Amino acid sequence: MEIGIIGSGHIGGTLTRRLRSLGHDVAVTNSRGPESLTDLAAETGARAAALEEVVQGAELVVVAIPLKAVPDLPAALFDGKLVVDANNYYPQRDGDVAELLDRSLSSSRWTADHLKGARVVKTFNNIQAAHLMDQGKPAGTAGRIALPVAGDDEDAKRVVMGLVDELGFDPVDAGTLDESWRQQPDTPVYGTDRDADGVREGLAAARP
C-alpha cells in the first residue's frame, strides 16, 4: 500500500519503521521539512517529502501530529483521502478547545470537521509507541493486544482494521467517530494493552 505519514515523532516514526518493515511504500513528512528526516529515511527506506507530495501520492494517510496543528493542514488536499487519526487532545500541550474540554465533541470528530471530505478513522492513539513497535503478535496469539478502530465509513474502517491486524494487533470495531471519545485519554482502554475482549469491555465501561 502507498502510505503517507504526517509526523515523525513517537507514533509517526514508529509507524514509519513498522510499515516499511512490512513492505509498504511509505512517504513521511513533518513540520521541519524533508531535510530533517534524512536519518529516518536512511534507516527505513521511507521517502522524505513535502506535505503535498506525501498526501497526494497516498492511498492512506496517517496524521500523527499535535492536535493543535491540525487546523494548519490544507483541508482540500485531503478530500476523498482515507485518513488515520492517531492523535490525542492534551490541553496542556494543545491549549483550551472548548468542545474538547467538555467532551461534547470527540477529538476525531473535531479533526474530521477540519478535514472535510476526508474519510477519517481513529486508531493507534491509545497504545504506547514502544509497544506498537515491539509487541505485535501473530493473529490467534493468546493475549494479543487489541486496538480500537472508530470511523463512519465502513469500507475505510475495514481497510484500517486490516492494517492493524497486519501490524500484529487485534482490531476492535469501536463504532463511529462520535463514539471515539471512548478510546481517548483517561478512558479504560487508554494505554492499557487489553486484549480484544478487554477492549470491548473497556469501551463499554467508558464514561464521558
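Reader: Which residues of α6 are buried?
Author: Ser107, Ser108, Arg109, Trp110, Thr111 and Ala112. Buried means under 20% relative accessible area, exposed over 50%, partly exposed in between, with a 1.4 Å probe and protein chains only.

Reader: What kind of model is this, and how are residues numbered?
Author: The model is predicted: local features need pLDDT of at least 70, side-chain atom pairs count only at pLDDT 80 or more, and totals for chains, interfaces and linings use all residues. Numbering runs from 1 along each chain as its sequence is written, and side-chain values use heavy atoms, without hydrogens and water.

Reader: Back to α6. Is the helix mostly covered or mostly open?
Author: Mostly covered. Helix α6 spans residues 107-114, and six of its eight residues are buried. Helices here are DSSP runs of H or I with at least four residues, strands are E runs of at least two, and both are numbered from the N terminus.

Reader: What do those buried residues pack against?
Author: β5 (82-85), α5 (98-101) and β6 (119-122). Contact means heavy atoms within 4.5 Å.

Reader: Which residues lie nearest its centre?
Author: Ala64, Ile65, Pro66, Asn87 and Arg93, out of 35 lining residues. Helix α1 (residues 10-21) gives the largest share of that lining, three residues.

Reader: What is the lining of the largest pocket by class?
Author: 17 nonpolar, 15 polar and three charged residues. Ala, Val, Leu, Ile, Met, Phe, Trp, Tyr, Cys and Pro count as nonpolar, Asp, Glu, Lys and Arg as charged, and the others, Gly among them, as polar.

Reader: And the second largest pocket, how much space lies there?
Author: About 160 Å³. Its lining includes Tyr89, Tyr90, Arg103 and Asp186. By class, that lining has six nonpolar, one polar and two charged residues.

Reader: Whole chain now. How many helices and strands?
Author: Nine helices and eight strands. The radius of gyration is 16 Å, close to the 17 Å that the globule rule gives for 208 residues, so the chain is as compact as a globular protein of that length. That radius is taken over C-alpha atoms, and the rule is 2.2 Å times the number of residues to the power 0.38.

Technical notes: 1 Å grid on protein atoms, 1.4 Å probe; cavity = no way out; pocket = protein on both sides within 12 Å on 5 of 7 lines; lining within 4 Å. Points joined across faces, edges and corners; volume = space filled by probe spheres on them.
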